[in-house]
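Subject: Structure handover

Hello,

Here is the structure I promised to pass on. My notes follow below it.

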Amino acid sequence: MNATSYFVQSYAKINLTLDVLGKRADGYHELATVMQTIDLYDTICLLATNEDRVSIACNRSELSTDDNLVVRAAQEIRKRLGLTRGVLIELHKRIPVAAGLGGGSGNAAAILLALQRWWQLPLTANDLWSIAAELGSDIPFFLTGGLALCEGRGEQITPMAPYWPSSMRWILLLKPAIAVSTATVFRNLKASDYSNGTWSKTVQTALQTKSLLQPADLHNSLERGVIEQYTEVAQARVAMLEAGAEYVRLSGSGPTLFTMFSTLTDAINVQQKLLMLGYEVYLTRPIYPG
Ligand code: C5P
């Protein structure tokens, strides 16, 4: 007999690097990206219902729709296995939405894993991966989380041994007050933004061999376009540098920017300055769920 509720936390990610190698025949872009889950999470509570459907209640009402990836993930599982069990998904968002932090993708992966465990489903790891990859390019990463190199559309995951340099211990995120469409950001790429994957491979090797990582290695092919197109992001970047950040990078397709510090004191100093300027800022660190 299953419990009537199931509780799960769903973490965000940052992209340490993001190489866009080129455009593919299917319209997607070929990527190499090093991702890490971070200690910023949404809370999900699954409640059993007597109705033969999936419903959602979210603290951000615009996300309480059947289009939400969590609803689509749960519906896909019910469809594949011919299940009639009803579930209400209560979703408490803390991760900024459409921000380059993978919040929606992480939520979808969290639902797949939660239903698998709660309902004790006969799905293999490969079944979960294929459902995840069909729902979105970033979702397979969140099935394991931690530190990984992601290739292809983003769905080909090579897990990496947990290691994080002490110089990057504290991660400061700044979410500019705009939403950015991932599809638009990819559409605005220029051929000169493409790379051959070197940045991600260099960072992967440096982390695996615990050797020195240079801020200059933290390259994101999408950053130029986003900074040029959105003045809010360009201004926020300058504000972070003026507040004392040594370097600033875009996470994913943005608009969230991040910088990192070895000491909590330095991170808090910069955070305070940015908060005084009215920016939405989060101080976080890497996390290994499970
Ligand atoms: O896979 P997902 O639905 O998250 O992707 C959102 C959009 O981002 C895609 O429709 C596509 O325009 C763009 N994208 C891309 N190449 C990728 C991943 C996403 O062009 N590897």
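A nitrogen atom of the ligand lies 2.9 Å from a backbone N or O atom of Arg153. The residues around the ligand are Gly27, Tyr28, His29, Leu31, Gly136, Ser137, Arg153, Thr182, Ala183 and Phe186. Each has a heavy atom within 4 Å of the ligand.

A word on the source. This is a predicted model, where local features need pLDDT of at least 70 and side-chain atom pairs count only at pLDDT 80 or more, while totals for chains, interfaces and linings use all residues. Residues are numbered from 1 along each chain as its sequence is written, and side-chain values use heavy atoms, with hydrogens and water left out.

Now the helices. Helices (H or I, at least four residues) and strands (E, at least two) are DSSP runs, numbered from the N terminus. Axes are lines fitted to C-alpha atoms, for helices over the stretch in contact, and angles run from 0 to 180 degrees between N-to-C directions.

Helix 1 (residues 69–81) and helix 2 (residues 103–118) pack at about 30 degrees, with axes 8 Å apart. That makes helix 1 roughly parallel to helix 2 (angles under 35 degrees; over 145 is roughly antiparallel, 65 to 115 roughly perpendicular, the rest oblique). Helix 1 brings Leu69, Val70, Ala73, Ala74 and Ile77. Helix 2 meets them with Gly104, Ser105, Asn107, Ala108, Ile111, Leu112 and Leu115. Contact here means heavy atoms within 4.5 Å. By class, there are nine nonpolar, three polar and no charged residues (Ala, Val, Leu, Ile, Met, Phe, Trp, Tyr, Cys and Pro count as nonpolar, Asp, Glu, Lys and Arg as charged, and the others, Gly among them, as polar).

Helix 1 also packs on helix 3 (residues 125–135), at about 135 degrees and with axes 11 Å apart. That makes helix 1 oblique to helix 3. From helix 1, the contact uses Leu69, Arg72, Ala73, Glu76, Ile77 and Arg80. From helix 3, it uses Asp127, Ser130, Ile131, Glu134 and Leu135. Five of these residues are nonpolar, one is polar and five are charged.

Helix 2 and helix 3 pack at about 150 degrees, with axes 10 Å apart. Leu112, Leu113 and Gln116 of helix 2 touch Leu128, Ile131 and Ala132 of helix 3. That contact has five nonpolar, one polar and no charged residues.

Next, Leu88 in strand 4 (residues 86–92). Which residues does Leu88 contact, leaving aside its neighbours within four places in sequence? They are Cys45, Leu46, Leu47, Thr49, Ser55, Ile56 and Ala57. Leu88 and Ala57 are 31 residues apart in sequence, yet 7.4 Å apart from C-alpha to C-alpha.

Two backbone details remain. Most residues other than glycine have a negative phi, and most peptide bonds are trans. Ala98 has a positive phi of about 50 degrees. Ala98 sits in the loop between strand 4 and helix 2. Gly254 and Pro255 are joined by a cis peptide bond, with omega about 10 degrees. Pro255 is in the loop between strand 8 (249–250) and strand 9 (257–261).

Best wishes

Key. Polar contact = N/O pair within 3.5 Å; in protein donor to acceptor, adjacent residues only side chain to side chain.
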